[in-house]
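Please open the model in your viewer and keep the selection tool at hand.

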Amino acid sequence: MQKIYLDNAAATPLSKEVLSVMHESLQNNIGNPSSIHSFGRSVRAKIEMARKNIANAIKAQSSEIIFTSGGTEANNMVFNCAVKDLQIKRIITCKTEHSAVLNPVFKLPQGIEFEYVDISDCGIINLAHLEKLLSQSEKKTLVSIMHINNETGLISPISVINEICKRNKALFHSDTVQSIAYFDFNLKEIDIDFVTCSGHKFHGPKGIGFLYVNKKHIITPFINGGSQEKGLRGGTENVTSILGMEKALLTIKADLPEIIKHLQYLKSELLFQLKSEGLEYKINGDESNSSPAIINISFKTEKDVSMLLFNLDLEGIAISGGSACTSGSSKGSHVLKAMGVSMNNPAIRISFSKYNTAYDINRLVTVLKKLLTKKV
C-alpha cells in the first residue's frame, strides 16, 4: 500500500537538496564555530553566510537574524525579552493563535495584562476592535498575530496590522511559521518588530528556526551561556540544521511561482472531487483569503473525528484534526471552538506540499467517501 502524507502544516518531508547539504556538513564541519583555529573559523563562516542568505531572502539585515531551535523557542524569546527588555506591560493576541503563542503569554509574570482581539466566524481579525483596544490604554503593548493560521490557512493582513500598531505606538510580532517560505517578505518595507520561523515547515530539518528582531530593539540574552548568536542565545550552534534550513528556504524561494501554482491546483482539485462525489462539507475559514497549502473541512456527519483519522491512517493516509502540537489533547481544536465551529461534526486539516500529486487527492477522496458513507 502506497502511503500518502497530507499533514505538511505539521512537518514537511526533507528535500533531497537539503539532505545532501546536511550530509556534507555532518562529514566535513568538524570544528566548533566558536574556536579560533581554522576548523572553527571555517564553520563560523558557513553559519554567517547562512545568516546573510536567509536575511537576504526576506529583505532583512543579517544582524537581525537569531538562530533558535524552532518557532516555539523564538516565540518564547519574543514575549520574555519584550517584557524584560522593552518594558511591555500588555499583550494583545487572539484566541485562534497557535499554542506556541498562547501558552508563553499565559506564563508571563503577574502584572502583564493580555487581551483578545475579536474575530469573525471565519477567524478574520476585527481590525476596528484592534484599533479600539490599542487606543484604550497607555500601557506599552505588544500585538501578536500570526500571518497564516496553522489550522485553517487563513491569511491575516500583517502589513495593515503593523500600520495600526505603529499608529498606536505598539510593537508587533507575527508568527510566520506557515508563510515565510511561501510569501515574498520584505522586512525593510513592512518595518515589523519581530518575526518567527521554523525550518521543518518548508522541507528543512526539525529542531531549527530563527527569530527576526528589528535592529531598533536592544534585547538581552534569552538563554545564558556563551557568546553565541550575538550573546543572545548561549550554546553551540546547530550547524548542520542551520545549513539545511538555509538550503530549504533558498530552494523554495527559487521555485516559488511553480510551487504556489501546484499547491493551488491540489487544493482546487480536492474541492472539485469532494463536490463530484457528493460529500457534504463546510470549509472552516475564508477560502478566498487562505494559504494554498492548507484547508480545514467539516463534514456533515456525526462520526467521531478521532476514529476518522485513525481509519484514514489504517488506509495509509496521514492528515490531522488540527495542530500537531496539541494532537494528544481530548479537548478538540481551540481554534475551531473560537470560530464557533460545531464539535459534533468531524473537522480535518489537509495540508499539501510540492511533493503531493493528483493521485494523493484521488486516493484521499475515495477513502473519505468510503469512511463517511459507511454505516456503523
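A residue counts as buried when its relative accessible area is under 20%, as exposed when that area is over 50%, and as partly exposed in between, using a 1.4 Å probe and protein chains only. This is a predicted model, in which local features need pLDDT of at least 70 and side-chain atom pairs count only at pLDDT 80 or more, while totals for chains, interfaces and linings use all residues. Residues are numbered from 1 along each chain as its sequence is written, and side-chain values use heavy atoms, with hydrogens and water left out.

Select Arg-51 to begin, which has its place in helix α2 (residues 38–57); helices here are DSSP runs of H or I with at least four residues, strands are runs of E with at least two, and both are numbered from the N terminus. Arg-51 is buried because its relative accessible area is 4%. If residues up to four places away in sequence are not counted, Arg-51 touches Arg-44, Ser-62, Ile-65, Ile-66, Phe-67, Glu-229 and Lys-230, where contact means heavy atoms within 4.5 Å.

Next, select Gly-204, in the loop between β7 (194–198) and β8. Is Gly-204 buried or exposed? With a relative accessible area of 4%, Gly-204 is buried. Apart from its neighbours within four places in sequence, Gly-204 is in contact with Thr-12, Leu-14, Val-18, Gly-199 and Ala-248.

Then move to Gly-226, in the loop that runs between β8 (209–213) and α8 (239–254). Gly-226 counts as partly exposed because its relative accessibility is 37%. Its contacts, not counting residues up to four places away in sequence, are Gly-231, Gly-234 and Gly-235. Selecting Ser-120 as well gives a pair separated by 106 residues in sequence and by 46 Å in space, C-alpha to C-alpha.

**The whole chain**

Now zoom out to the protein, which has 12 helices and 12 strands. Its C-alpha atoms fill a box of roughly 65 × 55 × 35 Å, taken along the principal axes. Of the 376 residues in the protein, 55% are buried. Among contacts with a separation of 6 or more, 72% are between residues 24 or more positions apart.

**Two helix pairs**

Select helix α9 (residues 256–276) together with α12, whose axes come within 10 Å and cross at roughly 30°; axes are lines fitted to C-alpha atoms, for helices over the stretch in contact, and angles run from 0 to 180 degrees between N-to-C directions. The two helices α9 and α12 are therefore roughly parallel to each other, since angles under 35 degrees count as roughly parallel, over 145 as roughly antiparallel, 65 to 115 as roughly perpendicular and the rest as oblique. To see where they meet, show Tyr-265, Leu-266, Glu-269, Leu-270, Gln-273 and Leu-274 in α9 against Ala-358, Ile-361, Asn-362, Leu-364, Val-365 and Leu-368 in α12.
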